[in-house]
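View the structure first, then read the points below.

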Amino acid sequence: MLKIGNIRLNKSLILAPLHGVNCNAFRLLCKSHGAGLVYTSMIHDETILGKEKPLDVIEEERPIAVQLVGKDNIAEAASLIEDKADIIDINLGCPDKEVLTKKAGSFLIKHPDQMEKAVSKVVSAVNRPVTAKIRIGWDNKSINAIEVSKILENNNITAIAVHARTAKQGYTGKADWNIIRQVKRAVNIPVIGNGDVFRPKDYQPIIDKTDADAVMIGRGSIGNPQIFENIIRIKQDKPIIRKDSSLAYQYFREFLSYYKKYSPRNIFSEIRQHAMWLVKGIKNGKEIKNSLSECRDINGLKEIFEKRATSSP
Ligand SMILES: Cc1cc2nc3c(=O)[nH]c(=O)nc-3n(C[C@H](O)[C@H](O)[C@H](O)COP(=O)(O)O)c2cc1C
C-alpha cells in the first residue's frame, strides 16, 4: 500500500491535475471507477489569496491532493487551504507563458535555488504532506530531474510525480520513462510515474520500466474514467470493460449527478464538453460528438445519448 506522508492509498492509480477538465464531478467519476487519489488542477496562489473562486473540493472525494502554482505567495496560499486538502502539491512543471511570467511552474526547475526557497516555505507553513509534480528538466540540454528530486527530498517533500517530458517539449514527443526510473533510484520517497499512459495495457510497461510507486494518468482519463477500473481488472485477470454508447451514457449520468450535487458552477458548456469527451472512441463517436456539440441544454444531450444507447447493437 502506498503511503504519502500519513495518507494511505489503497490503489496506486492517480488522476492527474488537468486544468479545464478535472472539476469535482469528473474527479468523483474517476474515483468511483478506480482512481485511488485525485488531484485538483493547478490553482494560482493569488486566486486563493484573492478568494476569487472558492475551492471546489468536497468531502466525498478525499483523499485529495490540491495543487498550487505560484512562488512568492504559495506558502501563504497553502496555509489558507490546508484544511480542505489531504496533500498539498506544488506545480513545478507547468510550461504556460502566464505561469512562467510569474516565475512559477517549470521556471522553478530551471532555477533550483528559487525552487528550494519556495518549497521549503510551503513545507514549513502547513501540517499536511507536501508533494511536487515536476518535468524532467527545462529542455533536453538541461535535464535535471535527479538534482531537483534530491533537493525536494531534502526539503521534506513526501512524494514526487514526474511527467517525463521537458518543459520545452510541452506535450510533443514521447515521455522518457528512463528518467522516472533514475529518479526512483535516486530518492527514498514515493515516485509517481506520469506520461503517455493512454490505455490500460500501458500500465504494466511503465511500472516495469520505472519501478514507480504509483502511476498518474492525465489525457488517457479524459472521457475514459474506466481506464482506472480496467487497469485493476487486468491485474485481476478479468476482461476489460469496453465503452459503448450505453456505458458512455451511464458515465454521463453519473457525472451529471455529481455536477448537480457538488459543482459550485452551473455551466452548460462544461457539462456538454464532458459529454463530448465521453463518446470518444465509441462506434460513430465523431458523429455523436457533433450532434452533442449542437445541443443547447441538458435534455438535448440526454436525448442524443438515449437515441444512441437504444440503437446500439
Ligand atoms: C488539458 C490538460 C490540463 C493540464 N493541467 C495541468 C495542471 O493543472 N497541473 C499540472 O501539474 N499538470 C497539468 N497537466 C499535465 C498533466 O497533469 C500530465 O502531467 C500530462 O498530461 C502528462 O500525462 P498524460 O500523458 O497521462 O496525459 C495538464 C495536461 C492537460 C492535457
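The model is predicted.

- The domain assignment places domain 1 at 2–235 and domain 2 at 245–311.
- Domain 1 gives 20 residues to the contact, and domain 2 gives 14.
- Taken over C-alpha atoms, the centres of domain 1 and domain 2 lie 28 Å apart.

**Buried area and contributing elements**

- The size of an interface is often expressed as the accessible area lost when the parts come together.
- Between domain 1 and domain 2, about 1,500 Å² is buried.
- Carbon and sulfur atoms give 67% of that area.
- On the side of domain 1 that touches domain 2, helix H1 (24–32) and helix H10 (226–235) are the elements that give two or more residues.
- H1 supplies the largest share of that side, 6 residues.

**Helix H11**

- H11 covers residues 245–262, 18 residues in total.
- From first C-alpha to last, H11 reaches 25 Å, close to the 26 Å expected at 1.5 Å a residue.
- Asp-244 caps the N-terminal end of H11.
- In this cap, a side-chain oxygen of Asp-244 lies 3.2 Å from the backbone nitrogen of Ser-246.
- Buried residues in H11 include Tyr-249, Phe-252, Phe-255, Leu-256 and Tyr-259.
- Ser-245 and Glu-254 are also among the buried residues of H11.

Terms used:
Residues are numbered from 1 along each chain as its sequence is written. This is a predicted model: local features need pLDDT of at least 70, side-chain atom pairs count only at pLDDT 80 or more; totals for chains, interfaces and linings use all residues. Side-chain values use heavy atoms; hydrogens and water are left out. Helices (H or I, at least four residues) and strands (E, at least two) are DSSP runs, numbered from the N terminus. The expected span of a helix is 1.5 Å times one less than its number of residues. Buried means under 20% relative accessible area, exposed over 50%, partly exposed in between (1.4 Å probe, protein chains only). A polar contact is a pair of N or O atoms within 3.5 Å; within protein, one must be able to donate a hydrogen and the other to accept it, and residues adjacent in sequence count only if both atoms are side-chain atoms. Domain bounds come from an automatic or database domain assignment. Contact means heavy atoms within 4.5 Å. Buried area is the accessible area (1.4 Å probe) that two parts lose on being put together, summed over both.
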